[in-house]
Amino acid sequence: MWSTKTKLLYIGYQLTAQWLPHHLLCARVLRRLWGKCIAKKIGTNVNIEKGAHFTPDLTIGNNSGVGINAEINGPVTIGNDVMMGPEVIVYTSSHAHSRTDITMIEQGFEEIKPVTIGNDVWIGRRVIIMPGVTIGNGCIIAAGAVVTKNIPDYAIAGGVPAKILK
């Protein structure tokens with residue numbers, strides 16, 4: 001799982017840098033530095049906004065951003081030049097619910113399914129990306145969409161559940 005050092009850095013980020021004002025350059029620099037210490041890989045010129053929550057399994061490419069109050073949980077790979085709106089949520093696991101002989105709370109979680117977001121992607125405000133989804137290069141995901149299936153390269157998707165619009 002996570003090393004003790006990673007756990008301590010993660011807690012430090014959660015208590016301090018995560019809450020620094022989003023408009024201050026020094027706050028952006030500090031969040032990026034904390035991110036580089038915590039995440040698997042953070043590229044150059046990455047912007048991690050105020051309130052962003054992410055786990056150490058995050059890989060993010062160059063010139064990309066994590067939006068205000070975003071939640072990125074589990075193994076997620078974000079490509080280069082990705083714009084992410086506020087309050088985006090990326091899930092990589094869900095509650096198990098296949099058995100009917102025991103309650104869902106007793107079933108635990110399904111296996112982790114990594115999420116991949118390609119290069120040059122624009123993700124609108126309050127988008128939810130479900131486990132195992134791949135969003136292709138050059139995509140636009142409309143605000144409020146719930147992405148439950150893979151989105152091919154250069155598609156525009158929106159809705160609940162998200163469908164290809166163009």
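Predicted model: local features only at pLDDT ≥ 70, side-chain atom pairs only at ≥ 80, totals over all residues.
Residues are numbered from 1 along each chain as its sequence is written, and side-chain values use heavy atoms, with hydrogens and water left out.

Helices (H or I, at least four residues) and strands (E, at least two) are DSSP runs, numbered from the N terminus. Helix α1 has 12 residues. Its first and last C-alpha atoms lie 17 Å apart, close to the 16 Å expected at 1.5 Å a residue. The expected span is 1.5 Å times one less than the number of residues. Helix α2 (residues 25-38) has 14 residues and should span 20 Å; its end C-alpha atoms are 20 Å apart, which agrees.

Burial in α2 is one-sided. A27, R31, G35 and I38 are buried in α2 (buried, under 20% relative accessible area; exposed, over 50%; partly exposed, in between; 1.4 Å probe, protein chains only). These residues of α2 cover an arc of only 75 degrees around the axis, which puts them on the same side of the helix. The arc is that of the directions from the helix axis to the C-beta atoms. Exposed residues L25 and C26 are carried on the face of α2 turned away from its buried side. The buried residues of α2 pack against α1 (4-15), β1 (41-42), β2 (47-48) and β3 (53-54). Contact means heavy atoms within 4.5 Å.

In α1, the buried residues are T6, L9, Y10, G12, Y13 and Q14. Their cover includes α2, β2 and β3. T6 has a relative accessible area of 16%. Residues up to four places away in sequence aside, T6 touches I38 and P56.

Two packed helices are described by the angle between their axes and the distance between the axes. The axes of α1 and α2 come within 9 Å and cross at roughly 155 degrees. Axes are lines fitted to C-alpha atoms, for helices over the stretch in contact, and angles run from 0 to 180 degrees between N-to-C directions. The two helices, α1 and α2, are therefore roughly antiparallel (under 35 degrees, roughly parallel; over 145, roughly antiparallel; 65 to 115, roughly perpendicular; the rest, oblique). Their crossing is left-handed, with the near helix turned anticlockwise from the far one by less than a right angle. At the contact, T6, L9, Y10, G12 and Y13 in α1 meet R31, W34, C37 and I38 in α2.

The loop between β11 (122-123) and β12 (128-129) holds V127. V127 is buried at 0% relative accessibility. Beyond residues up to four places away in sequence, V127 touches E87, V88, I89, I141, A142, A143, G144, A145 and V147. G124 is found in the loop between β11 and β12. G124 is buried at 9% relative accessibility. With the sequence limit of four places, G124 touches G85, V88, I141 and A143. G124 and G144 are 20 residues apart in sequence and 7.1 Å apart in space, C-alpha to C-alpha.

Most residues other than glycine have a negative phi, and most peptide bonds are trans. R126, in the loop between β11 and β12, has a positive phi near 60 degrees. Phi of N63 is positive, near 60 degrees. N63 lies in the loop between β4 (58-60) and β5 (65-66) and is partly exposed, at 39%. The peptide bond from V160 to P161 is cis, with omega near -10 degrees. P161 lies in the loop between β16 (156-158) and β17 (163-164).
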